[in-house]
Amino acid sequence: MDPIRPEFELLDSAGLEYHRWAADVETTFFAKDFTSTIKPSADGAPVTEKDKANALMFLKRHIDPNLRWGYHHLKTPKELWDALDSRFGNIHDSLIPQLNVLWNEIRFLNYVKVNDFQKDMLQIQARMDFCGKKFTDEEMIQKTLSTFPTSSMILANQYRLEVDNKRITTFSRLINLLQVAERHNEILVNNNARAVGKKKVPEANHGKVNKGKGPKGNRAREGTSGHSGSDPKFEKTSMNPATKKAADGSAPCFKCGFTGHWYKHCKASANVATSYKKYREAIEHEANYTEENTVTPDANLTISDFL
């Protein structure tokens, strides 16, 4: 059977988060009605052994395993609670110098995202609060504006003017405005990613064949085999000039000599077909005669040949 998961972060062996951990325990014990197991109740009501056992298991489950071994001999939740308080109750004496260093070193210009800066600032504020020292909104606002990058001095002065005019009074309000400005800057950067005057590159499906019923759509589909893909046996074969000429209706019919229809669809009479055949034979005979009697000039041409 899997162990029960902790309801919040464990108390580390160094006790750096003891005050946060103690606050979480007190809140949970109030919800579970275990408060009287670590703090005597005002009415002096007795505590059952079952509640003591459940509270003790809860405390041990929420402390570091290395820390747990040092207190495994304690049998009641109040004994464990008092022992931890005696050991880590004054941990803030060693935490405050460390937190002061973090406060002095944190700068807005060192962060790429506003949200990351906000998270670290709130963490320092919470730890200082546990140690009994609170940072006001005014101190956190001044810390933010005084650590702006030099390239944003004009922007920092504008925010400072808003603070002076009482339009920005909380640290959360300042962070909200900075996040809005950050989003607008990201949009501008994305819009200027391509050259000025260039339209957005069309998507891959933009170049599909027009499926309309107009003449343009029909011409776009002419000459295709009706198959898709790159199979060689379905690739479109190129037409020779004679076939192409006959396909578009500009070549004469071999039966009657008229254009606009195919030979197999010709409805001319036999007399017309015979007459056109004799005409074609005469033309071919004349062409052959001309080719046979053409005189080829001597390769050694002189100026008199051209005259």
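Mentor: The model is a predicted one, and its protein chain holds 13 helices and zero strands, so that the pattern read along the sequence is α-α-α-α-α-α-α-α-α-α-α-α-α, with helices taken as DSSP runs of at least four residues. Of the 307 residues in the protein chain, 23% count as buried, and the accessible surface comes to about 23,200 Å², with 54% of that area belonging to carbon and sulfur atoms. When contacts in the protein chain between residues at least 6 apart in sequence are considered, 49% of them join residues at least 24 apart.

Two packed helices are described by the angle between their axes and the distance between the axes. For helix H1, which spans residues 18-32, and helix H4, which spans residues 77-88, the axes come within 11 Å and cross at roughly 155 degrees. Angles over 145 degrees count as roughly antiparallel, and H1 and H4 are therefore roughly antiparallel to each other. H1 passes H4 in a left-handed crossing, and the contact is made by Tyr18, His19, Trp21, Ala22, Val25 and Glu26 on the H1 side and by Trp81, Leu84, Asp85 and Phe88 on the H4 side. Sorted by class, this contact of H1 with H4 has seven nonpolar residues, one polar residue and two charged residues.

Histidine 19, which lies in helix H1, deserves a separate look. Its relative accessibility is 18%, and because buried means under 20%, histidine 19 counts as buried. Leaving aside the neighbours of histidine 19 within four places in sequence, this residue is in contact with Phe88, Gly89, Ile91, His92 and Phe130; Phe88 is also one of the H4 residues that make the contact with H1.

Beyond H1, aspartate 33 lies in the loop between H1 and helix H2, residues 49-61. Aspartate 33 has a positive phi of about 65 degrees although it is not a glycine, and with a relative accessible area of 60% this aspartate is exposed.

H7 passes H8 in a left-handed crossing, where the contact is made by Ile141, Gln142 and Leu145 of H7 together with Ala156, Tyr159, Arg160 and Val163 of H8. The residues of this contact of H7 with H8 divide into five nonpolar, one polar and one charged.

Past H8, lysine 166 lies in the loop between H8 and H9. Lysine 166 has a positive phi of about 65 degrees although it is not a glycine, and at 65% relative accessibility lysine 166 counts as exposed.

Technical notes. Residues numbered from 1 in each chain as written. Predicted model: local features only at pLDDT ≥ 70, side-chain atom pairs only at ≥ 80, totals over all residues. Heavy atoms only, no water. Axes fitted to C-alpha atoms, helices over the stretch in contact; angles between N-to-C directions. Helix = DSSP H or I, 4+ residues; strand = E, 2+ residues; numbered from the N terminus. Parallel < 35°, antiparallel > 145°, perpendicular 65-115°, else oblique. Left-handed = near helix turned anticlockwise from the far one by under 90°. Contact = heavy atoms within 4.5 Å. Nonpolar A, V, L, I, M, F, W, Y, C, P; charged D, E, K, R; others polar. Buried < 20%, exposed > 50% of the residue type's maximum accessible area, 1.4 Å probe, protein only. Areas by Shrake-Rupley, 256 points an atom, 1.4 Å probe, with all protein chains shown as cover.
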